[in-house]
Amino acid sequence: MELMSRSCDLRMEFCEAMAQWFRNYEAAMRANQQRALRNKGKSQGCPKVPVDRSSPHWLLHRLDCGPPPPEAQTWLSRVNVDQSEIMQHVGQTVLMVTDATGLPLGFDVVSVGGANPKGGAVVKGTNSQKTKDNGEGKMTERILGLLRHCMEAPMSGGAPRRPQILRVLDRKLHKLLRRSVDTVATLRLTLTSHAADDWGAPPPRRRAAAEPDSSRAARAGGPPFGLRWPSCATVIPQCNAVLYCSDRCSEIDQSRCPEDSSHQHWCKKLAQCLRRGAELADLPFTYTPEVTGEDFEMERFLTQNRLDHGYWVHWSLLVRSPHFLLHSEMDHSGESTPTWLTGHADPYGPLRAESDILLSCPGKGPRAPSLTAPLVCWLQYCKWRGLSLSSPVAALLSSPLSIYYIMTSLVPRDFPELNILKKKSLKIHIIESNREFQSLLVFWELAMLLPHVTFELLFIGEGLPQECDEQQFLLQQKGDRLALVCPSFAQEDGVGKRSIRVRGYRRAYHMLQGPKPDLVIGFRPAFRLHDFWLSTLPRLQSLKVPAYFCEDNELSCVCSQQVMGAATGGALSPPHVNPFHSPLRVARGDNRLPWYSNAFVFHLIYKTVAACPQRVPLARPRPCDPAQPLPPANQKPPAEASKMTRKERKQAARNIPRKRK
């Protein structure tokens with residue numbers, strides 16, 4: 001079931017992948033043009049890559065850009081997209097390269113004014129033969145450059161590869177390439193003799209075992225490149241939670257094997273999870289009705305509030321930093337700052353008032369809440385911190401406040417023997433939480449909420465950047481503002497008492513060697529999607545350390561219970577709603593379940609190790625009179641007197657060996 005795969009909206013994922021690939025393609029084309037100028041127009045030839053064995057036939061498509069249809073115009077208006085920008089591209093042509101199964105390998109956008117009967121590209125308003133030949137040559141070079149880049153870096157991923165045969169699904173483009181067949185041969189591929197009118201019979205596609213179920217169902221019987229978006233899906237009436245693109249997909253999912261992967265097995269659980277939506281939407285913010293509705297769109301909300309920089313880039317699929325660049329507010333004293341710590345100057349983006357409050361020095365902040373009466377909801381926190389209920393900053397603060405809630409409310413209840421509220425220093429391991437590692441400055445709230453505690457945060461995960469492996473730095477006040485200080489660039493004497501030490505380790509948690517932490521926390525762990533949890537969970541059980549995890553949906557907690565039982569034989573505590581979960585609902589394209597970041601909290605219940613059976617002690621002789629001397633160690637115990645005669649006792653005494661003097 002794809003709703004367990006936590007995948008993002010398909011439209012956003014597809015557009016993001018295409019945009020990133022096209023940016024790299026344009027950069028490669030500019031580099032190739034400069035290289036051609038240096039080499040005086042000498043062609044590059046074919047890349048040295050192996051043949052695509054799974055699909056030796058590649059296809060070249062031509063898609064003319066026209067005005068959006070009425071259905072698309074409604075959706076574009078709803079997400080506040082300026083359609084005048086789209087109309088500027090009307091009349092352009094998209095060249096798309098796919099394999100025989102319809103998998104996209106790359107594309108290019110060219111401006112074509114028309115085509116002559118021979119297939120050459122013509123510039124508007126020109127009729128000379130020289131201009132026609134020039135247009136044909138540029139179009140041919142563009143197509144060959146596109147094919148070469150698709151071989152070197154296919155958009156669908158995988159190893160570099162090349163086709164053996166190229167089929168063109170446009171007659172004009174086919175004639176154009178036939179006129180330059182010698183140039184096409186430099187790529188070591190064969191052009192078909194005729195243009196293809198359709199896709200043809202695609203080869204059988206080998207299905208991966210770990211492929212999402214609904215993705216397989218969406219392709220069953222459909223066109224190779226036909227995509228069905230959630231607007232075409234219908235909800236199943238039994239649970240009213242899952243969307244299907246057709247009745248056939250619904251029937252397939254109902255009787256899927258094994259039984260625990262079918263919808264019939266999960267239908268009642270899905271209905272129960274759907275009923276938690278009202279409880280999750282009970283928030284005090286003024287924008288709650290907008291951000292908790294089923295039709296809420298994250299991208300439109302971020303665009304309307306201009307949340308396009310700072311830590312907000314990690315919440316959007318349209319704005320993505322090309323490299324892992326974190327913070328620029330570093331202490332540059334003495335030496336240069338590591339490049340992996342430069343980047344975001346304003347962690348809270350355009351929220352200037354909130355930034356001044358949250359990044360101010362401790363002396364100007366409010367008094368810390370009492371440990372006997374900690375904060376337990378957003379309303380209390382915003383009133384204590386002086387934040388407006390109309391501010392969306394709660395989405396960024398959800399993770400540090402979830403840690404505060406776990407420390408002050410859950411750990412004292414579940415593990416009272418730890419006395420965690422009386423500790424002056426805490427070492428917390430944060431597992432597989434990449435977005436939290438990219439939003440480090442928000443964790444300064446822990447120092448404001450618990451000023452008597454010295455924190456050491458260790459971020460461990462395979463998704464962390466390579467540059468941060470085994471690196472450490474400090475969150476510390478510098479004057480009136482918060483700054484990041486590298487210990488290697490700062491004097492130890494200059495490290496203030498009120499600081500948070502942060503370390504990063506790029507590895508799986510079970511590969512980490514070090515002292516035992518006080519607490520382990522994970523955000524969006526997805527036990528069922530990653531194999532390393534089968535080794536990490538036994539490692540946590542051997543440490544016997546309190547481990548809490550925050551999931552986006554109750555169904556993910558149920559799936560995590562299965563993995564925990566299979567990996568360690570243990571269990572999970574019943575998940576309950578996290579009062580400091582993010583107020584922004586996460587849209588899912590294939591279900592209607594309420595998804596919120598850090599929505600539910602649970603902790604691991606380790607399997608009780610059975611005590612080793614004790615050995616039965618041997619029967620010891622009855623204690624004798626202290627005045628009576630003990631017999632030698634090698635002397636055999638005599639038989640009971642009541643069963644021996646006097647003659648037998650004398651004979652037994654003679655047989656006892658005696659030590660010579």
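This is a predicted model: local features need pLDDT of at least 70, side-chain atom pairs count only at pLDDT 80 or more; totals for chains, interfaces and linings use all residues.
1. Ground rules. Local features need pLDDT of at least 70 and side-chain atom pairs count only at pLDDT 80 or more, while totals for chains, interfaces and linings use all residues. Numbering starts from 1 along each chain as its sequence is written, and side-chain values use heavy atoms, with hydrogens and water left out.

2. Main core. The largest nonpolar core has 72 residues, and Tyr 381 and Leu 397 have the most contacts inside it. (Such a core is a set of buried Ala, Val, Leu, Ile, Met, Phe, Trp, Tyr and Cys residues joined through side-chain atoms within 4.5 Å; buried is under 20% relative accessible area, with a 1.4 Å probe and protein chains only.) Helix α15 (residues 394-414) gives the most to this core, at 12 residues. (Helices are DSSP runs of H or I, at least four residues, and strands are E runs of at least two, numbered from the N terminus.)

3. Leu 397. Leaving aside residues up to four places away in sequence, Leu 397 touches Tyr 348, Leu 358, Trp 378, Tyr 381, Leu 387, Val 442 and Glu 445. (Contact is heavy atoms within 4.5 Å.)

4. Second core. A separate core of 32 residues includes Phe 22, Cys 150, Met 151 and Val 184.

5. Helix pair. The axes of α9 (residues 263-274) and α19 (residues 554-568) come within 9 Å and cross at roughly 135°. Among the residues making the contact are Trp 266 and Leu 270 of α9 and Leu 555 and Val 558 of α19.

6. Leu 187. This residue sits in the loop between α6 (181-185) and β5 (190-191), and Leu 187 is buried, at 0% relative accessible area.

Technical notes. Buried means under 20% relative accessible area, exposed over 50%, partly exposed in between (1.4 Å probe, protein chains only). Axes are lines fitted to C-alpha atoms, for helices over the stretch in contact, and angles run from 0 to 180 degrees between N-to-C directions.
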